[in-house]
Amino acid sequence: MMLSSASSQDLLHFYCSRLERSFPSSSYSHSSQSSCCPTAPPSLPRVASTPASLSSLGNHESKLRKTHLRIACQAFNKPPTIEDRPRTDVQTSVHFDNETDEAHTIIKLTAPGKPGLLQVAIAALKDIGLVVSKATVDYENGILREKFWVQGPMGAKVLDPKDIKNIQTVLLNAVDDPALVQSEILKRPPPKLLPAKKELLAEESTEFRRRTDLLFGLMDQYLKNDVFSIQKSIVDHVEYTVARSRFRFDDFEAYQATAHSARDRLLESWNDTQQYFKDKDPKRVYYFSMEFLMGRSLLNSLSNLGIKDQYDVALKQLGFDLEVLAEQETDAALGNGGLGRLAACFLDSLATLDLPAWGYGLRYQYGLFRQKIKDGFQHEQPDFWLNFGNPWEVERVHVSYSVKFYGKVEEEIQNGRKLYKWIPGEMVEAVAYDNPIPGYSTSNTINLRLWAAKPSGGFDLEAFNTGDYVNAILNKQKAEAISSILYPDDRSYQGKELRLKQQYFFVSASLQDVVRRYKDFHSDFKEFKNKVALHLNDTHPAIVVVELMRMLVDEELLDWKEAWSIVTSVFSLTNHTIIPESFEKWPVELMESLLPRHLQIIYEINRVFLDEAQKKVGSDFGRLARLSIVEEGSVKTIRMGNLALVVCHSVNAVSQMHANYIKSTLLKDFCILWPHKFQNKTNGVTQRRWLAFGNPALRDVITKWIGTEAWIKDLDIIAGLKQHANNPQLHAEWNQARRQNKFRLAQHIYNISGIKVSIDAMFDAQVKRIHEYKRQFLNLLSIIHRYDCIKNMAADERKKVVPRVCIFAGKAPPGYEFAKKIIKLVHAVGEKVNTDSEIGDLLKVVFVPDYNVSVAELIIPACDLSQHISTPGTEASGTGNMKFAMNGCLILGTLDGATIEIRDEIGEENMFTFGVHVDDVARLRAEGRNFHPPREFQRVIGMIRDGFFGCEDYFKALCDAVDGGDYYLLGHDFLPYLEAQAAVDKAFVNKKRWTEMSILSTAGSGKFSSDRAIREYAEQIWKVEPCKRPV
């Protein structure tokens, strides 16, 4: 009797290959290992691959958890615990009994009592085609004896000796899986006694050394990462952290416990990494950013730590699915878009490259906003992302700093020197919250420290008790408002005040922390510039340069010249701005009220700077006025961009096009003055989150064909795909991986909208912040044109149409009405198109609401085409284009931002470009009134004006914007855009050519890793070197 239509030997090969992928063979050893399981090279990826019977647990979590517990109780005849330790002196054996039962073969398994063995054995038997009718378990003295009543696929007993031998091999390989065995104990490094401070002389005492030895002895080992240890860690957190019964907890509570379990391991690495940095005292880089769009942490942390597979198995045996639990996590709402996501990618690369780094930001209570769509209109709701806590952060109540506001400045003379003393009118406490950031394939874990604002001195209980309830509460709310919302609306004076307050609060707390850390090991500031690099992610934190001057001159009593030498040596700036209006300006009146001492310092910096500048530019007062930090006018303002440019020793653009624009236009005056300051560092994204972890199906294909997973840390290696780009077998595997991703996205679209889309259609995405310059409106006009053409086609012609699913996602700023109208138009067009029975699957229009990192991780791996169609000269770089190209999605774009460099890397023939050249934009705008748009453009605009999609009055502003001046040149680019779309359709029909282009897109993305970008920053700007913690 054969077990199935395939031979049992083939099934054995299949199952053993699954085991080989699931667990690294470098730690696998068994005397009877089958020859069909060759030792895998260490570079092969450890991909979780579980039997179908276990994978299905995620669909019925609660029911199956109860079943598992019931079986365990019956089997062990005692409450289910994990206290019993397996015997290590018991030989695993498998025996067959075909005599006792007439209808079944009884398989008897004896093994050391490891957790989860019953489920593993049943899954192995089912994987090779056996039907398990019944199972019993007997556990005693650390020995597990299991019996399985099985039949073959046709209901017969297993009698063939070849089948029996193969089943024995499969079971032995499955139950001796090293993931079920407690891992090797890793020793932690011993503590290093630091030089004692005066107030801590007692630390040199014998008692202190005794206590130190005791504490080290209690925690001299790292947490183990075998399945047994992970399960115990999770269950402990269920009981002691989440405070739930270990026999009754749901998915969210399981997520919380799992996250805390993973965080335990992060904190071990974090503490030892920070201690190693202290011991070595390297130059550190501190990355200041108002945004960190981190996304979810669970899967990323487990993957970077290299223990995702173990957690996957551990949770499955507990009746949970890791992917399901990951969905319970809320995205950390600490950013607005590309700026924040870039910062998050950079932290990942800083950790992976072993650089001694810290990130600093704000712990926003509400972050951006949650986007709700009602009747096609965007509605903003607070994003209460912290309502249920954040298991990844560590509140450092002992790390807090006072931040001053308002007040006055007093002068006094000491030793013949004039000193300034700021007497604040208000003080707020900044409390630290630490978020460990693990590197990939390294022992280093760095830190993201976020600040939350609290009232100084706590709640005013005296005021409350004396009846002044309102003021007591208002003072608390006023303090906490500083870190409540990302980017307060600054159209009013109060809004401007809150935003400046927020920025200063952030940089003051961060600088106090940096200086405190430096002074722990240095008695003066002679080495400060050799030990500290401070980097600003855009000009939002620019007030930090003045704050450091104030601290050095007023508090550390350095003279101005020495302080200025330090300040101009430690700061560097990434400029993301493309238009002058994006540089912030603060009214002098506001600055004088809120930060009086800082205004004095700004005036002095500006005086010295203009004196030096005048020596170079002479009496060109127009140029001096443009260079000045202080802008004269009806409202006197402080130009924060100019302030940062004067102080920072390095200013970098984020794409080559951006660098050229800065030098020729935006910052021309400064570039002429200091050409050595300006350089380019093209943005990058981490291939780990956006490809290796976010697209595991494609990751496996890439690793197989390159022959190593080293590309996950060195993306240049991915160029090895080029030599296989024409291979039919690679094409088949590539398309199968992409098809899996399209299925997941199609299911998500149906779940959120009820719209069914065909995965055979082209998935065409434009997902990014909604803005006029990004030209979602141009995309919509082409969709209306496509719909109009299909409607006017004969039935035979429609058969030639390439089906498309047009996917939009992104948020409109709350006060930006034009962008909100675009969102409404997307829904209006979608409602018309999606319900038209004549169109069917030829065209669908979908808007995915509340776009964030997690939604992007679903959309990006699934799309065939990605649109990046901004008006040339308006996009500094863009990183979405990099993520899509990295995942094998073809680009349709204008020659703007980093898209130009993507074209250069992957080849113009492997993407679709169109549109005006950046050098022609100014001229075309000037000639705008004389331009007559093409007939096709006028027709689709007319359809909107005439109310074909409803709401003609509401959409009038959209039509007026392009009928008049057409500032973003939609009319000029409309016909070239349609021609590019036709080229896309033609290429998509040729599956061989399209797949080859997709492979070459991924193969050419090596340059766009954030690892490359950070390496350039470290070597050329910060001058910091790796500091890898030894294990």
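**Reading burial, packing and charge pairs**

Me: Is Ala243 buried or exposed?
Reply: Ala243 has a relative accessibility of 59% and therefore counts as exposed, where buried means under 20% relative accessible area, exposed over 50% and partly exposed in between (1.4 Å probe, protein chains only). What you have before you is a predicted model, in which local features need pLDDT of at least 70 and side-chain atom pairs count only at pLDDT 80 or more, while totals for chains, interfaces and linings use all residues. Residues are numbered from 1 along each chain as its sequence is written, and side-chain values use heavy atoms, with hydrogens and water left out.

Me: Where does Ala243 lie, and what is the phi of Ala243?
Reply: Ala243 sits in the loop that runs between H7 and helix H8 (251-280), helices (H or I, at least four residues) and strands (E, at least two) being DSSP runs numbered from the N terminus. Its phi is near 60 degrees, which is a positive value in a residue other than glycine. Tyr406, likewise not a glycine, has a positive phi of about 60 degrees, and its place is in the loop between strand S9 (394-405) and strand S10 (408-414). Tyr406, however, counts as buried, at 16% relative accessibility.

Me: How many helices and strands are there in the protein chain, and what percentage of the residues is buried?
Reply: The protein chain has 39 helices and 26 strands, and 58% of its 1031 residues are buried. A contact means heavy atoms within 4.5 Å, and among the contacts between residues at least 6 apart in sequence, 76% join residues at least 24 apart.

Me: Which residues touch the most other members of the largest nonpolar core?
Reply: In soluble globular proteins, nonpolar side chains tend to be buried together. A nonpolar core is a set of buried Ala, Val, Leu, Ile, Met, Phe, Trp, Tyr and Cys residues joined through side-chain atoms within 4.5 Å. In this model the largest such core has 127 residues, of which Trp451, Phe571 and Trp1022 touch the most other members. The element that gives the most to this core is helix H15 (residues 493-519), with ten residues. A second, separate core contains 60 residues, including Leu293, Ile755, Phe763 and Met886.

Me: What do the buried residues of H23 pack against?
Reply: In helix H23 (residues 656-666) the buried residues are Met657, His658, Ala659, Ile662 and Leu666, and they pack against strand S19 (650-653), helix H24 (668-673), strand S20 (678-680) and helix H33 (899-906).

Me: With what is His731 in contact, leaving aside its neighbours within four places in sequence?
Reply: His731, which lies in helix H27 (residues 728-753), counts as buried at 8% relative accessibility. Once its neighbours within four places in sequence are left aside, His731 is in contact with Ala725, Asn726, Lys992, Thr995, Glu996 and Ile999. Towards Ala725, the side chain of His731 reaches the backbone oxygen at 2.6 Å.

Me: How many salt bridges does the structure hold?
Reply: Side chains of opposite charge can pair when their charged atoms come close. A salt bridge is a side-chain nitrogen of Lys or Arg within 4 Å of a carboxyl oxygen of Asp or Glu, and the structure holds 65 of them. In one, the side chains of Arg363 and Glu393 meet at 2.8 Å, N to O. Arg363 is in the loop between strand S6 (357-362) and strand S7 (370-374), and Glu393 in the loop between strand S8 (377-381) and S9, so the pair ties together parts 30 residues apart in sequence. Arg363 counts as buried at 14% relative accessibility, as does Glu393 at 11%.

Me: How many residues apart are Arg786 and Asp985?
Reply: The side chains of Arg786 and Asp985 meet in a salt bridge at 3.1 Å, N to O. This pair links distant parts of the chain, with Arg786 in helix H28 (residues 776-791) and Asp985 in helix H37 (residues 970-989), 199 residues apart. Arg786 is buried, at a relative accessible area of 15%, and Asp985 is buried at 15%.

Terms used. A polar contact is a pair of N or O atoms within 3.5 Å; within protein, one must be able to donate a hydrogen and the other to accept it, and residues adjacent in sequence count only if both atoms are side-chain atoms.
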